[in-house]
Amino acid sequence: MTVKNQKESLKFKKSERERYSRQMIITNWGEETQKKIKSSKVFIAGAGGLGSPVSINLAVAGVGTIRICDYDCLVLSNLNRQFLHNDSRIGMNKARSAKMTLEGLNPDVVVEAVEEKITEENIDDLIGDSDLVIDCMDNYPTRYLINATAVKKKIPMIHGGIWGLEGMVTFFHHPETPCLACIFPDAPPQEVFPVLGATPGITGSIQAMEALKYLGKQGTLLKGRILWCDYSEMSFKEVKIKKNPDCPVCSV
Ligand SMILES: [Zn+2]
């Protein structure tokens, strides 16, 4: 894209001014912050329970390019929490369904659906030159692949996890913070875990809030700390985290 084209693409249409009018009046937000968000490219790994609130919040806020990746097809048991999708799309690839929903919510953003399985071979290209990676996966082997690539490229990664009525979020950015492998060196066993839709609903919204703050250069991020959320007690606890000096991923 030429400099002239880039400038043109950053101009707001009348519809965009109206669509984002309520957030542009937030103190310190304004048109400048909105432009930063519009010029951003975000890679979302997973179009499931966390990927739903994350991608919807980013799309409606006007993140310019959203690349969302999911290999799986929608099944009925997803629909208690994965509100990117709906009953009529059972059997459809989730990234494709996500694109339909997100473009329907906001036709002014570009949504790239990636229907591939994330592997060691393709993760570098999938993340590409994204400004930010959001980990909305449900399995640790893939989370570790994404983490290693984010560390290598020094791209920040917002990690979210859920189980039952509990959630957690933290903001990784190598070399400033620890990485996923520093704090969870071993993958927990893969299992069908219990979950209520509101759990990823809130947890993913916290991830989206961190993403929008980072992209818009606003506020204070969850760097070097994990927010643990116990929704059964509605208690939120912050735990400081440190780098593992022997981490096989980020210390080398
Ligand atoms: Zn590490």
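Analyst: What follows describes the sheet strand by strand, then the helices, then a few single residues. The model is predicted, not determined by experiment.

Start with the sheet as a whole. Eight strands make up an open sheet, and their order across it is β3-β2-β1-β4-β5-β6-β7-β8. The pairing in this sheet is mixed. At the edges are β3 (110-114) and β8 (235-240), each of which pairs on one side only. From one strand to the next the twist averages 15°.

Strands of a sheet pair through backbone hydrogen bonds, and the pairing can be parallel or antiparallel. A parallel case is the pair of β1 (residues 41-45) and β4 (residues 132-135), which is joined over four bridges. Within this pair, Ala 45 stands opposite Asp 135 of β4.

Now take β6 and its two partners. On one side, seven bridges join β5 (residues 157-163) to β6, and the two strands run antiparallel. One of the facing pairs is Ile 162 with Gly 167 in β6. β5 and β6 form a hairpin, and two residues lie between the strands. Gly 164 is in that turn and has a positive phi of about 65°. Strand β6 covers residues 166-172, and five of its seven residues are buried, so the strand is largely enclosed by the rest of the structure.

Helix α6 (residues 94-105) packs on it and touches β2 (65-69) and β3. The direction of α6 makes about 170° with that of β3. Helix α8 (residues 140-153) lies across β1, β4, β5 and β6, and it runs at about 160° to β4.

Asn 147 is a residue of helix α8. Is Asn 147 buried or exposed? Asn 147 is buried, because 24 other C-beta atoms lie within 10 Å and the cut-off for buried is 20 or more. Leaving aside residues up to four places away in sequence, Asn 147 touches Met 157, Cys 179, Leu 180, Ala 181 and Val 249. Arg 22, by contrast, is 125 residues from Asn 147 in sequence and 34 Å from it in space, C-alpha to C-alpha.

Helices also pack on one another. Two packed helices are described by the angle between their axes and the distance between the axes. For α5 and α6 the angle is about 30° and the axes are 9 Å apart. Angles under 35 degrees count as roughly parallel, and α5 and α6 are therefore roughly parallel to each other. The crossing of α5 past α6 is right-handed. From α5, Ser 55, Ile 56, Ala 59 and Val 60 meet Ala 98, Leu 102 and Leu 105 of α6.

A second pair is α4 and α10, which pack at an angle of about 110° with their axes 8 Å apart. That angle makes α4 roughly perpendicular to α10. Thr 33, Lys 36 and Ile 37 of α4 make the contact with Leu 212, Leu 215 and Gly 216 of α10.

Which residues of α4 are buried? In this helix (residues 30-38) they are Thr 33, Gln 34, Ile 37 and Lys 38. These residues cover an arc of only 140° around the axis, which puts them on the same side of α4. An α-helix has 3.6 residues a turn, so residues three or four places apart point the same way. The cover over the buried residues of α4 includes α3 (21-24), α5 (51-61) and α10 (198-216).

In the loop between α8 and β5 is Lys 154, whose phi is near 55°, a positive value in a residue other than glycine. Lys 154 counts as exposed because it has 10 C-beta neighbours inside 10 Å. Met 234 is in the loop between β7 and β8, and its phi, near 50°, is also positive. With 8 C-beta neighbours inside 10 Å, Met 234 counts as exposed. Pro 175 is in the loop between β6 and α9 (180-183). A cis peptide bond, with omega about 5°, joins His 174 to Pro 175.

Conventions: Residues numbered from 1 in each chain as written. Predicted model: local features only at pLDDT ≥ 70, side-chain atom pairs only at ≥ 80, totals over all residues. Buried ≥ 20, exposed ≤ 12 C-beta atoms within 10 Å, placed from the backbone. Arc of directions from axis to C-beta. Contact = placed C-beta atoms within 7 Å. Pairing = 2+ DSSP bridges. Axes fitted to C-alpha atoms, helices over the stretch in contact; angles between N-to-C directions. Parallel < 35°, antiparallel > 145°, perpendicular 65-115°, else oblique. Left-handed = near helix turned anticlockwise from the far one by under 90°.
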